[in-house]
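Dear colleague,

Please find the structure below, handed over for your records.

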Amino acid sequence: MRGDLVSRPIGDVLKEAQALFDGGIKELLVISQDTSAYGVDVKYRTGFWNGQPIKTRLFELAQAIGQMAQRYGAWVRLHYVYPYPNVDDVLPLMASGLLLPYLDVPFQHSHPDVLKRMKRPASGEKNLQRIDRWRQMCPELVIRSTFIAGFPGETEEEFADLLDFMREARIDRAGCFAYSPVRGASANDLPNRVPEALSQERRSRFMAVAQEVSAAKLQRRVGAIMQVLIDHAPGLGKKGGLGRSYADAPEIDGVIKLLAPEKISKTLKVGEFTKARIVAAQGHDLVAQPF
């Protein structure tokens, strides 16, 4: 997508959220091209919701949707949150339970020279400091991110910096794309194009590290009790089903494979929550016993 960012009126966004909650949804995903920049284009002008003034800004939007969701017993998950300083403001909302302690942050790379060529702010060092601060504010925080391997001009040293960043940042869920030219993109004109085969090889190396980090984090959840939103439960879940915890966004993260409930009388229904004890980790997924 290209063009200037345009912020929807905050009253319209909250009206849509209200309608979704009224319709019975149990998980609301807030997503945009750059969620952190919400309101920048309109200079955070004041809008109105239920007759009350409210600023067009990420914090106020997240707080209002979180308070709304709490009344319905629903989840709110933030996606495409670029690592700007104002993101710090929403971490207390996650720590208090208004929002899921989950951030989808497209870091894209760690090396400052690559980020500069990408025209992205910050650097790996600053982002490591930011991640550390976020986890101090909200210890349960799960971070998902996406990265690009083989961006034009990327050296082996710059790629090694990215792997070091992954290990140090301990990103919970990570995806990686091998760079490929996009029609009309300014990156097409950059010198020192990385051969496609090398880009793919670097992507594979990145994903091996990402899997190693993720597997270690999932293993530490064994024995924990988690709230699970049920996505699939044939036969009322008498033989188990599939669900997700706060740490798993739909379709892009792992799932929780639910075993048959401990109690014969217990049933599982799609769209409802259950408590479950994590008994094993399998690849990107967890296995749990509902109770």
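**Findings**

Seven helices and twelve strands form the secondary structure of the protein; helices (H or I, at least four residues) and strands (E, at least two) are DSSP runs, numbered from the N terminus. The model is predicted, so local features need pLDDT of at least 70 and side-chain atom pairs count only at pLDDT 80 or more, while totals for chains, interfaces and linings use all residues. Residues are numbered from 1 along each chain as its sequence is written, and side-chain values use heavy atoms, with hydrogens and water left out.

Along the principal axes, the C-alpha atoms fill a box of roughly 65 × 50 × 35 Å. Of the 291 residues, 49% are buried (under 20% relative accessible area, 1.4 Å probe, protein chains only). Among contacts (heavy atoms within 4.5 Å) between residues at least 6 apart in sequence, 72% join residues at least 24 apart.

S145 lies in strand β6, residues 142–149, and counts as buried because its relative accessibility is 0%. A polar atom of the S145 side chain lies 2.4 Å from the backbone oxygen of V105. Leaving aside residues up to four places away in sequence, S145 touches V105, P106, F107, Q108, I171, R173, A174 and G175.

Yours sincerely

Methods:
Buried < 20%, exposed > 50% of the residue type's maximum accessible area, 1.4 Å probe, protein only. Polar contact = N/O pair within 3.5 Å; in protein donor to acceptor, adjacent residues only side chain to side chain.
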